[in-house]
Number of protein chains: 2
Amino acid sequence: MAPVVNRLAVIGQGLIGSSITRAVSANKVAREVVVTDASAKVRKTVAELGLGIAKVVETSVEAVRGADLVIACVPVGQYGALAQEIGPHLKAGAVLSDVGSVKGAVVRDMLPHLPKSVHLVPAHPLAGTEHSGPEAGLADLFENRWCIVTPLEGADEDAAETVRQFWKALGAEVETMPVKHHDEALAITSHLPHLIAFAIFHTGLKHEEVSQSEVMKYSAGGFRDFTRIASSNPTMWRDIFLNNKEAVLGVLQQFNADLSALAKAIEENDGEMLIDALSKSRLTRRKVIEKEHISVTSAKREHEDAFPIVRPYGDD
Amino acid sequence: MAPVVNRLAVIGQGLIGSSITRAVSANKVAREVVVTDASAKVRKTVAELGLGIAKVVETSVEAVRGADLVIACVPVGQYGALAQEIGPHLKAGAVLSDVGSVKGAVVRDMLPHLPKSVHLVPAHPLAGTEHSGPEAGLADLFENRWCIVTPLEGADEDAAETVRQFWKALGAEVETMPVKHHDEALAITSHLPHLIAFAIFHTGLKHEEVSQSEVMKYSAGGFRDFTRIASSNPTMWRDIFLNNKEAVLGVLQQFNADLSALAKAIEENDGEMLIDALSKSRLTRRKVIEKEHISVTSAKREHEDAFPIVRPYGDD
């Protein structure tokens with residue numbers, strides 16, 4: 001397969017950025033790869049690790065010079081400053097993309113700093129591990145994972161296709177949708193669950209009667225499912241919540257209404273309503289999974305049980 | 001090891017009851033085992049399966065006759081009716097125990113129907129699988145799992161010890177605590193997480209813009225952790241919520257306050273508060289786990305990573 005890109009720049013060499021660097025070399029996606037990171041320590045580590053064909057340079061400006069495709073991999077809160085820095089140095093016709101968990105805010109922050117001759121094509125690979133930093137990167141991190149590409153209205157179709165081909169070459173399953181739709185989909189599938197997990201963790205650890213160690217000890221009953229995601233990176237999640245505020249608060253309002261309805265049924269001993277509500281989630285879940293043959297991480301992982309039903313305690 | 005019990009009766013042969021029957025035979029915990037189930041079909045299945053040394057009888061009354069230890073394994077809402085049925089037929093000095101996920105309601109429902117000469121010692125094995133019914137039982141279901149024994153105030157110490165020894169003989173790790181404390185601990189570690197999971201499932205599946213199949217597709221971002229427990233048995237959970245109402249609504253109130261505080265910080269762009277709150281859960285979690293060397297399912301499973309940190313998406 002011919003390389004997708006002639007000259008590629010990857011800015012930021014944390015888990016995602018350094019995984020891209022590794023994957024690009026492994027899959028021969030670009031003829032030339034130039035990478036950098038704001039941290040001198042990270043740049044040194046990347047140079048020592050010798051990630052494939054990548055050349056490590058000192059500044060973002062130097063990295064983007066002459067690049068046909070630039071993938072910015074910085075925290076959600078830093079895309080504006082980066083665009084301001086690199087905007088004037090991007091090649092005419094260059095394609096600029098990112099990996100942020102929120103798309104609306106990234107577009108809002110970057111677009112004003114970009115010349116008209118540059119094509120911004122936002123993207124979000126749904127991949128990661130529990131580790132961070134350049135040492136933690138993996139060449140196969142994106143294989144069989146979703147990557148959502150969100151071209152702007154009226155965007156150049158060739159530029160969008162370049163980004164799609166780039167992620168496909170890295171092994172990802174690519175979906176295309178509008179920016180706003182991405183942010184709403186992620187608000188319900190990822191951001192709200194995280195917000196709730198953080199909240200229940202607080203509730204569990206300040207119970208007056210039940211000690212913290214008891215909460216941990218007996219957490220297999222359900223609490224544990226929440227603590228896994230409640231230990232995610234605080235800075236990253238602050239940025240996500242604040243930058244996808246409208247969508248997150250919107251689904252939160254709906255969630256509060258749904259939770260209140262269940263609480264009211266308990267309060268009023270409405271067993272019928274409870275059976276109805278609790279059955280609905282079970283049935284809908286099965287219906288959707290069976291009808292659409294959905295596998296969670298990707299269409300390729302059909303052999304995985306996407307939704308293992310774990311009922312930790314049973315009376316029957 | 002000498003058998004813990006001379007004659008044992010197990011009433012109800014669903015997942016938990018039939019697992020007890022299997023485990024008792026495998027571990028030679030009783031000299032004689034008599035089992036039954038309200039369903040003729042289940043009784044037939046158990047007889048055909050030939051679960052170890054167990055004798056299958058037609059009625060609960062027949063099963064408890066002459067039994068030294070009776071373990072009732074019926075849904076939380078049915079303990080009152082069962083106690084009424086077997087109460088007059090229990091042997092003087094017999095020990096009666098159960099496996100219900102709620103202890104206060106079980107005691108409230110059973111105690112009035114029991115003769116003074118019978119010792120009620122409630123218990124709750126924290127074990128189960130995603131399956132139900134007698135075919136699904138496992139002889140090692142309780143191995144290295146917690147079993148919480150909740151003797152009543154002023155209870156006979158020998159009776160409580162019999163129940164503890166019984167569960168230890170089945171491989172469980174036994175903890176003793178008051179009834180009320182059990183119900184509060186389970187409200188936060190199991191019942192509230194389930195209630196929240198049911199609610200967020202509703203929220204996810206009725207989004208106006210985002211389709212059900214999209215919610216499932218991208219659920220690896222966090223939503224999936226909730227759907228696992230949201231597909232639990234509706235009847236069982238209705239019974240649990242209604243029978244542990246006070247404790248569940250109590251922790252729910254605290255949860256609502258904790259969630260509102262986070263929402264307010266997002267609304268007001270209070271990044272500092274968010275970092276503080278999000279970091280606290282991570283730090284507390286680590287502190288508690290490290291200091292107390294807590295493993296979730298039991299003290300024996302030290303090799304398991306009790307709380308694997310899974311961060312499905314990453315920007316850094």
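**First stop: helix H6 of chain A**

Select residues 157–169 of chain A, which form helix H6; this helix has 13 residues and reaches 18 Å from its first C-alpha to its last, close to the 18 Å expected at 1.5 Å a residue. The model is a predicted one.

Within H6(A), colour the buried residues: A:Ala159, A:Ala160, A:Val163, A:Arg164, A:Phe166 and A:Trp167. Turn the view to look down the axis of H6(A): these buried residues fall within an arc of 155°, so they line one face of the helix. The face turned away from the buried side of H6(A) carries the exposed residues A:Glu157 and A:Asp158. After H6(A), select A:Gly171, whose phi is positive, near 95°.

**Second stop: the sheet of chain A**

Of its 316 residues, 56% count as buried.

Select the 6 strands that form an open sheet with parallel pairing, in the order E3-E2-E1-E4-E5-E6. Strand E3 (54–56) and strand E6 (119–120) of chain A stand at the edges; each has a single partner strand, so one side of each is left without a neighbour in the sheet.

Which residue stands opposite A:Leu8 in E2(A)? Select strand E1 (residues 5–11) and strand E2 (residues 30–36) of chain A, which run parallel and are joined by 6 bridges. The residue opposite A:Leu8 is A:Val33.

Helix H1 (residues 15–26) of chain A lies across E1, E2, E3 and strand E4 (69–72), and runs at about 160° to E2(A). H6(A), from the first stop, lies across E1, E4, strand E5 (95–98) and E6 of chain A, at about 50° to E5(A).

Select A:Thr150, in the loop between strand E8 (146–149) and H6 of chain A. Is this residue buried or exposed? A residue counts as buried if 20 or more other C-beta atoms lie within 10 Å of its own. A:Thr150 has 25 C-beta neighbours inside 10 Å and therefore counts as buried.

Show the contacts of A:Thr150 beyond its neighbours within four places in sequence: A:Lys103, A:Pro122, A:Ala123, A:Met177, A:Pro178, A:Val179 and A:His182. A distance may also be drawn to A:Glu175, 25 residues apart from A:Thr150 along the chain; their C-alpha atoms are separated by 8.5 Å.

Move to chain B and select helix H1 (residues 15–26), which has 12 residues. Of these, 10 are buried, so H1(B) is largely enclosed by the rest of the structure. Among the buried residues are B:Leu15, B:Ile16, B:Ile20 and B:Val24. The buried residues of H1(B) pack against strands E1 (5–11), E2 (30–36), E3 (54–56), E4 (69–72) and E7 (123–125), and against helix H2 (40–49), of chain B. Just after H1(B), B:Lys28 takes a positive phi of about 50°.

**Last stop: the two chains together**

Finally, show chains A and B side by side. A rotation of 180° with 0.0 Å of shift along its axis superposes chain A on chain B, with an RMSD of 0.1 Å. The two copies are thus related as by a two-fold rotation axis. To locate this axis, select A:Asp225: its C-alpha is the nearest to the axis in chain A, 2.9 Å from it. Of the interface residues of chain A, 100% are also interface residues in chain B, so the copies meet through the same surface.

Notes
Residues numbered from 1 in each chain as written. Chains lettered and ligands numbered in written order. Predicted model: local features only at pLDDT ≥ 70, side-chain atom pairs only at ≥ 80, totals over all residues. Helix = DSSP H or I, 4+ residues; strand = E, 2+ residues; numbered from the N terminus. Expected span 1.5 Å × (residues − 1). Buried ≥ 20, exposed ≤ 12 C-beta atoms within 10 Å, placed from the backbone. Arc of directions from axis to C-beta. Pairing = 2+ DSSP bridges. Contact = placed C-beta atoms within 7 Å. Axes fitted to C-alpha atoms, helices over the stretch in contact; angles between N-to-C directions. Least-squares fit on C-alpha atoms with pLDDT ≥ 70 in both.
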